[in-house]
Each structure stands twice: as structure tokens, then as C-alpha cells.
Amino acid sequence: MKHIITTVATRLQQQCNTLQYIDRNWGQLGYNENPPVKWPCALIDIPSVQFAQGLRGTQFATGTVDVTVAFLRLNPTSATAPKRNDTFDMMDLIDEVTEALHGYGTGGMQPLQRVSVRKDVATKGMEQYTISFSAAWTVKLVPDTAEVSPELNIAGGDTAEEETPGTSQGESE
């Protein structure tokens, strides 16, 4: 899961110039009156993963990657407010994050697919939404150390004749 979170964080850093803070979501927004983030921010989490068994120590993982984006809302949002267009900055950020991640995949991760956007409860002038993406990847649990030996005879016995120490094949005692 670490690989998926760091891959998503790197992609956001490269594609979303608006974001001032990108991190794994460990509860920063609920931390206290002054969350330890810069605004606007994106916090990444994987709230659930399901696994299916594969071959040779692998598992196929499918889960959800949540990207919570938050803005500190400093301007009024009424229809008569002079900077009313600023109220749509959050919508632009949601679009920017979606454009950066939807359809993005790597060799270790299938392309992400946006599945939902939801408004989260926010406090003290903060506005936040969570964008959820479906994700799938393969996890290798056990290194592949099995070697195939061409001399192995499953039916029993070795295929090569054994030599007695001090003698060579074809010699008699």
C-alpha cells in the first residue's frame, strides 16, 4: 500500500500546481484548531483493500484510494460577494486532481478510476471533499525461489547413474 500512496502523491505533486501540501492522511484535518497543513492540501489514504490469491506467492489487491482535498475558505460565498468566483476554487481543484489521477496507472498499478466525490463535514472556514478512486495492483509476498531441475524424475529414481567414489562409469570392480 505504501507504493500506491507514494505513487499517487508523486503524481499529484507533478500535475497539480495548486496544491501546497500533499501527504498520507493520518488525521491532520481533525488535529486541532490549526491543522498542520498548508492550504490547499491533498491527503491520501487507502481505507479498504480486498485480496485474491494468485500463483507463486502473489495476491491481487483491489481497493479504494481516497484523496481528500481541503481549502481554507476566507471569502464570503454569497451571490453578491465581490470575490464570488473564488468560491469555485475548490471545484477547480477537484477537477485538477481528477484529471491528474483518473486513468493514471504504472507498471505496478492498473489505471485509477474515479468512483465518487463527496463533501465532508468541515469546520472553522475549511471546506473539504473526498475523491475516491478504484485501484488494483499485484502484491508479491514470497520471492520466487523455486528452481526447475531437468534431472528431476517425478516417477521415482534419478535419471543420472550414480558413481561410486574411486570408480568411473563403465569400470568394473
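**Salt bridges and cores**

Tutor: Start with a charged pair: Glu-127 forms a salt bridge with Lys-119, and their closest N and O atoms are 3.5 Å apart. Keep in mind that this is a predicted model.

Student: Is Glu-127 buried or exposed?
Tutor: Glu-127 counts as buried, because its relative accessibility is 13% and the cut-off is under 20%. Lys-119 is exposed, with a relative accessible area of 52%.

Student: How many salt bridges does the structure hold?
Tutor: Two. Arg-118 pairs with Asp-120 in a salt bridge, with 3.3 Å between the closest N and O atoms.

Student: And how accessible is Arg-118?
Tutor: Arg-118 is partly exposed, at 41% relative accessible area.

Student: New topic. How many residues are in the largest nonpolar core?
Tutor: That core has 30 residues. Leu-12, Val-65, Val-67, Val-69 and Val-97 have the most contacts inside it.

Student: Which one gives the most?
Tutor: α2, with six residues.

Student: What is Val-67 in contact with?
Tutor: Skip its neighbours within four places in sequence. Then the contacts of Val-67 include Val-8, Leu-12, Val-97, Leu-101, Ile-131 and Phe-133.

Definitions and conventions. Residues numbered from 1 in each chain as written. Predicted model: local features only at pLDDT ≥ 70, side-chain atom pairs only at ≥ 80, totals over all residues. Heavy atoms only, no water. Core = buried A, V, L, I, M, F, W, Y, C linked by side-chain atoms within 4.5 Å. Buried < 20%, exposed > 50% of the residue type's maximum accessible area, 1.4 Å probe, protein only. Helix = DSSP H or I, 4+ residues; strand = E, 2+ residues; numbered from the N terminus. Contact = heavy atoms within 4.5 Å. Salt bridge = Lys/Arg side-chain N within 4 Å of Asp/Glu carboxyl O.
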